[in-house]
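Here are a few notes to read alongside the model. Take them one at a time, and look for each residue in the viewer as you go.

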Amino acid sequence: MPVYYGGKLLAPSYEDEWYIAGAEIRSQLLPSLDAIAAKPFYVIILGESGTGKELAAHHIHKMSQRRGEKFLTVNIAAIADSVFESEIFGHVKGSFTGATSKRTGLLSEADGGTIFLDEIGDLDIGAQAALLRFLQSGELKKIGSNTIEQVNVRIISATNHDLEGLMEEGKFRDDLYHRLDQLSVKTIPLRNARSDIPYLLGYLIDKYKEWFSDGFKRATVPAPLTRFICEFEWPGNIRQLENNVKRFATTEDPHDLVPHDYRDFVRFLQANLKNFEKYNLASMLHVVAVNYIDAAQKIWKNGSEDTIADILEIGSLELDNWTKDRDRFNT
C-alpha cells in the first residue's frame with residue numbers, strides 16, 4: 001500500500017516496528033535497550049500503553065546471552081489474583097480443589113531464559129510478597145510440594161502505572177520495586193516521534209495486506225490525510241494506530257485511519273482546502289476552529305457549554321463568538 005508523505009512515495013523498509021526507515025524511536029530507544037541487554041540484571045520498562053513495552057522486552061532478550069532460551073510473557077492484568085501463584089510457581093496434583101493434574105509453573109518453564117511480567121503494577125499485594133521471596137533467593141516451591149527448586153530466570157517487568165505513587169498509597173511494595181528496578185528504561189510515546197508515523201503506517205498496512213481486496217495495490221493514503229495522521233496525538237500510541245489500520249483493512253476507506261471522533265472533521269477539511277476562491281487563509285482558519293469545536297462538542301456531547309469552554313480552555317463568551325456564524329462556514 002503506497003503511503004505518500006512530504007511529496008514522495010514511502011517504500012517500506014523494515015524488519016519490525018523499530019527497524020523502519022528513518023525511525024526516530026529506534027535512534028532514541030535501541031541504544032538503551034542494547035546496553036541493558038548486555039547486563040544480567042532485572043529490568044523495569046516504563047511507558048504509556050501501546051508504546052511497545054513487550055517489543056522492548058523481546059529486544060532485550062534477543063540481544064542478551066539468554067537469546068537461545070525461552071522468552072515467556074505473563075499478562076498480570078489477565079490473571080486472577082487467586083490463581084497467580086499457581087500460574088507462576090506451579091502446583092502438584094491434589095494440592096487444592098480443582099488441581100486435577102500437576103502444573104509446572106511459568107518460572108520453572110522459563111528456567112535459563114527470560115520471563116516478562118507485563119503490567120506489574122496490577123499485581124495483588126499478597127502475590128507481591130510471594131514474588132519477592134522468589135527474587136530474594138531464586139528458589140521456589142510449587143503449591144502443595146515440599147521440594148525446593150532453584151530457578152535461574154531474568155525478570156523483565158513493565159507498567160504504565162506510576163509505581164512510586166502506588167508505593168506511597170501502600171499498593172506496591174517498596175522492597176519489591178527495588179528488587180525489580182535494577183535497570184530501567186522508558187519507551188517513547190508516538191507523539192514524541194511524529195516523523196516515524198508515515199513509515200509505521202506503511203509498515204502496518206503492508207503487515208495486514210492480505211486482509212485487503214485485490215484493489216490493495218492501487219489504493220493509496222493521500223498526502224493530506226497522512227499529514228493529519230502525523231499531527232494527531234495518538235493517546236493509544238502504536239497500538240491505536242495499528243487498530244485503525246486493521247479497521248482500514250476491513251473497510252478500505254482511508255478515513256478509517258483517523259480516530260473515529262475526527263473523521264467527519266477530516267472529510268470536511270479535505271473537501272474544502274482547495275476552495276481558495278471561497279476561503280482565504282483567515283476564513284479557513286476560522287473553519288478549522290469552528291469544526292474543531294464541533295468535534296469537541298460531539299466527544300463531550302453531555303457537557304454543558306461552560307464545560308466545553310473549560311475543556312477548550314476558552315471563555316464561554318469566546319466560545320459563542322467562534323460558533324455564532326457556524327452556518328456560514330458549513331454551507
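This is a predicted model: local features need pLDDT of at least 70, side-chain atom pairs count only at pLDDT 80 or more; totals for chains, interfaces and linings use all residues.

1. Now for strand β5, which covers residues 114–118. How many residues of β5 are buried? Five of the five are, so the strand is largely enclosed by the rest of the structure. Buried here means under 20% relative accessible area.

2. Which strands pair with β5? One partner is β4 (residues 71–75), which is parallel to β5 and joined to it over five bridges. In this pairing, Phe71 stands opposite Thr114 of β5. Another partner is β8 (residues 154–159), also parallel to β5 and also joined by five bridges. There, Phe116 has Ile156 of β8 as its bridge partner.

3. Next, some charged pairs. The count of salt bridges comes to seven. One of them joins Asp175 to Arg173, with the closest N and O atoms 2.8 Å apart. Asp175 has a relative accessible area of 32%, which makes it partly exposed. Arg173 is partly exposed too, at 28%.

4. A further salt bridge is formed by Lys209 and Asp206, where the closest N and O atoms are 3.8 Å apart. The cut-off for a salt bridge is 4 Å, so this pair still qualifies. Lys209 is partly exposed at 41% relative accessibility, and Asp206 is partly exposed at 22%.

5. Compare that with Glu242 and Lys207, whose salt bridge has its closest N and O atoms 3.0 Å apart. This pair links distant parts of the chain: Glu242 sits in helix α10 (residues 237–251) and Lys207 in helix α8 (residues 197–207), 35 residues apart. Is Glu242 buried or exposed? At 12% relative accessibility it is below the 20% limit, so Glu242 counts as buried. Lys207, with a relative accessible area of 41%, is partly exposed.

6. Finally, have a look at a group of like charges. Glu305, Asp306, Asp310 and Asp320 form a negative surface patch. Which helix gives the patch its largest share? That is α13 (residues 305–311), which supplies three residues. Asp320 belongs to helix α14 (residues 316–323). Asp320 has a relative accessible area of 31% and is partly exposed. A patch residue needs over 30%, so Asp320 passes that cut-off.

Methods. Residues are numbered from 1 along each chain as its sequence is written. Side-chain values use heavy atoms; hydrogens and water are left out. Patches are made of residues with over 30% relative accessible area and no salt bridge: like charges are joined within 9 Å, nonpolar side chains (Val, Leu, Ile, Met, Phe, Trp, Tyr) within 5 Å. Accessible areas come from the Shrake-Rupley method with a 1.4 Å probe; for residues, only the protein chains shown count as cover. A salt bridge is a side-chain nitrogen of Lys or Arg within 4 Å of a carboxyl oxygen of Asp or Glu. Lys and Arg count as positive and Asp and Glu as negative; His and the chain ends are not counted. The place of a charge is taken as NZ of Lys, CZ of Arg, CG of Asp or CD of Glu. Helices (H or I, at least four residues) and strands (E, at least two) are DSSP runs, numbered from the N terminus. Buried means under 20% relative accessible area, exposed over 50%, partly exposed in between (1.4 Å probe, protein chains only). Two strands pair if DSSP finds at least two bridges between them.
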